[in-house]
Amino acid sequence: MSEPVIRCTDLTKRFRGVNAVDHLDLELESGEILALLGPSGCGKTTTLRLIAGFEVPDGGTIEMGGRVVAGPRAFMAPEKRRVGMVFQEYALFPHMSVEKNVAYGLSKDPDRERKVGAALELVGLTGLEDRSPHELSGGQQQRVALARALAPGPEVILLDEPFSNLDPTLRGRMRVEVRRILRQAGVTAIFVTHDIREAGNIGDQIALIHQGRIEQVGAPNDLYHRPQTRYTADFMGPATFLAAEIEKGRIVTEIGVIPQHVDAPPAAGMQVMLRPDDVHLHASATGQGAILFQELRGGFFHYRVRLDSGTLVESQILHTHDFEVGTRVDVTIEPGHALVCFQDNTAVNLEPSGPPDHSADAHRHA
Amino acid sequence: MRVAELAHAPTVRAGGPRRRAPWPPAIIWAPAVLVGLAVLLPLLYLAWRTIGAGTEAIDLLFRYRTLGVVLRSLFLVATVTATTTLLALPLAWLTVRSDLPFRRFWSVITVVPLVIPSYVGALMFVVALGPKGMLQGYLEPLGVNRLPDLYGYPGSLITLSLLSFPYVLLTIRAALWRLDPALEESSRSLGHGPWATFFRVTLPQLRPAIASGGLLVALYTLSDFGAVSLLRYETFTWTIYIQYGSAFNRTLAAALSLVLVAVAVGILRMERASRGRWRYYRSAAGAARDPSIVRLQRWRWPAFGFFTMVATFSLALPMSVLGYWAVRGIAAGEPLNILWSAAANSIYVSALAAGATVIAGLPVAVLAVRYPGWIAAMVERVTYIGFALPGIAIALSLVFFGANYALPLYQTTPLLIFAYVVLFLPVAIGSARTSLMQVSPQLEEAARSLGRRPLRVFSTITLPLILPGILAGAGMVFLLTMKELPATLILGPIGFKTLATSIWSAASEAYFARAAIPALLLIVVSSFSVALILGREGRAR
């Protein structure tokens, strides 16, 4: 097991008495791309700035390559940390050409010309060396910022909301580009975002931050389908939480038994989480509910159904299932994977008893 | 020229997560605090000297006609402020919001009176309208042997109003440009007519601009020395000068200076209090629309006449009188070589003052912008003193200090430069501050994350980016120093003549022709400072 590139332990930062970062623990393996995801004000940017060395922690330690760079008795200045930073507004030096910007971190390097050329080639800007930053498009400016941060060969590169200043069409393209560049450079990266799609597209791992703490770390798919808390479940996308109880190793809800075996004692007062894609609808005069709302999203219809009990259920199905508002429908649950049950806003550990329905790790809960 | 200073008065910045600023490094706070203490020195010494004199100072204040001085000064300040506001409000509105003929021409011309130093303006007033002035000369054939004496209050009121109304004009105009047109449109659509809209929506929005422009005029009038001396109106500055220069009553002069400072601080506080609690800016984001233009119709040409009249009295008349006397002076063979040495002296001290002020202001600006906190607030407030302190008060304090404690410095150039630094520090800090605020701290952080130490970051990133602003500040200080009169008069080394002091001494002995040539030269120089201000107004739009 190699030493993590970055390890934050019990990291705390207070602003005006409020814990912006609150006893946060984080580890990052070499070459990994981690997305710090969360709403604005959750402490994700502060975490990034603490790692970069622009803020001094009020508690806890930050280690880089096994060495403490910030802690109770140590603080390493940002210029000594070998951490590259890409800022939200890129922070290109307006009085320097593209080439001078990229060369800025290589002042004492005898090999600087070659490294500048290599960095610019990596980001696809060869030939624009003499431009000044204001002559570049937003996407090009971001490439310069990346090249500048990568040129000195940092251990880690930090990106603060890297796509928020790009227009939506460019954003999609740059996501793919940035991931390619980071992969190609083989660098360990942390980036901050409030956009779930961005986090999932670029990050190998997502760390969801909530009120200065890490709510859950995992692969993007894990966070969506296997949230450990109601907060994660809600943040990652729309979901219906249906009242459920466990009876004879089965999850029983008002719309029927869920095809999933669980090895847990009988329990009541739980909620099972249904993503819209887990829920299927069939027109039926004797159905359990009626369509309340219909919206076309690309190739899918998004429906909201009111069950006769008054419960609302969300469903997303192919556009070929076109039901008008008011149509009576049967609601069935066809997840294709294990579902997660919650009790008191926390996921319940449900060990599988019978053969798993589809994937073996679907029941892994922390 | 204090418009620039006011624009950079300490403001609260909004937005972003409120991070507590880190403790500033010693290399920043130590020089900044030192500058703050140095600026405080003249004021403290003035207070200490007056209080040191104890009951004597109080006795003198009561025995002397101090109350009369206070009342005359306040009366002049109040009436000049009111006159300039009444003059500037229609001028500003017409140049921004109406289809006045030659709008662009007038918007430049109405600011130009700022180039005329008050003592030159007063001199022209004396020359043209004095009891035996040029006007009387023209009327002589009609049997008019003497015009009524307009010296004292009426002369001071007219001269100072005609020279200082552009201060209010500039602030009101800037506010009119910023005003959201949707506010007036809402008022109109809610059933108010144009006049009701002006008085109920537009005018209240202009209140802060009127107050800050009025503050500039009030402080200008209060600290003016040249005009009231030449027109012999016994306000603070002239009385202090007489007590110091002719009556040799230094304790009284110091005590009066302290009262003058108190009055200035009081005026500053009044303006603060008048700002009230309302917000006066666009609440919505979005592209700024240009103000809508009101058609004057049959009022178009009367408005044109109004502008012509203002321009005639504030600019055309004084300038032609000045030109006439300059030509007469050259024709009469006024020695020009003295003029050149005076000009060289002016440029020499002004350049030194500009350099020293900018260097002193830089750490204060960095502290204020990058490390806001109690130290920054204290230092900034202290350095702001120069904004309210009349030059004569600073000069007197330094004279006493030099004579008593630093005799080698007494009447030397360094002490004079120090006075200029105290007086004009807010200008240098203001422009350094503005340009620093435009440099994102992220640029500095980016440079540090690329492995450069803070000092290298400052010299390779920050300094090159703020240099234009610093130079603009230096330029302003240079031009202000060129015009400065009372401190130069009192603190200048013996036999040291600048353009300003040459004009003043020639004028006070009624050598009009001798005064006219340096005055013309000085006006040419100070035109550049107005061009600087106008350039900023243009960019701010």
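**View 1. The area buried between chain B and chain A.** About 2,200 Å² is buried between chain B and chain A, with carbon and sulfur atoms giving 55% of it; buried area here is the accessible area (1.4 Å probe) that two parts lose on being put together, summed over both. This is a predicted model, where local features need pLDDT of at least 70 and side-chain atom pairs count only at pLDDT 80 or more, while totals for chains, interfaces and linings use all residues. Residues are numbered from 1 along each chain as its sequence is written, chains are lettered from A in the order in which they are written, and side-chain values use heavy atoms, with hydrogens and water left out. In contact (heavy atoms within 4.5 Å) are 21 residues of chain B and 28 residues of chain A.

**View 2. Salt bridges between chain B and chain A.** The count here is 2, a salt bridge being a side-chain nitrogen of Lys or Arg within 4 Å of a carboxyl oxygen of Asp or Glu. Zoom in on A:E79 and B:R448: they form a salt bridge whose closest N and O atoms sit 2.6 Å apart.

**View 3. Domain 1 of chain A against domain 2 of chain A.** An automatic or database domain assignment gives the bounds: domain 1 is 6-227 and domain 2 is 231-363. Their centres, taken over C-alpha atoms, are 38 Å apart. Contact involves 16 residues of domain 1 and 16 residues of domain 2. The two domains bury about 1,400 Å² between them, 67% of it from carbon and sulfur atoms. As for salt bridges across this interface, the rule finds 0.
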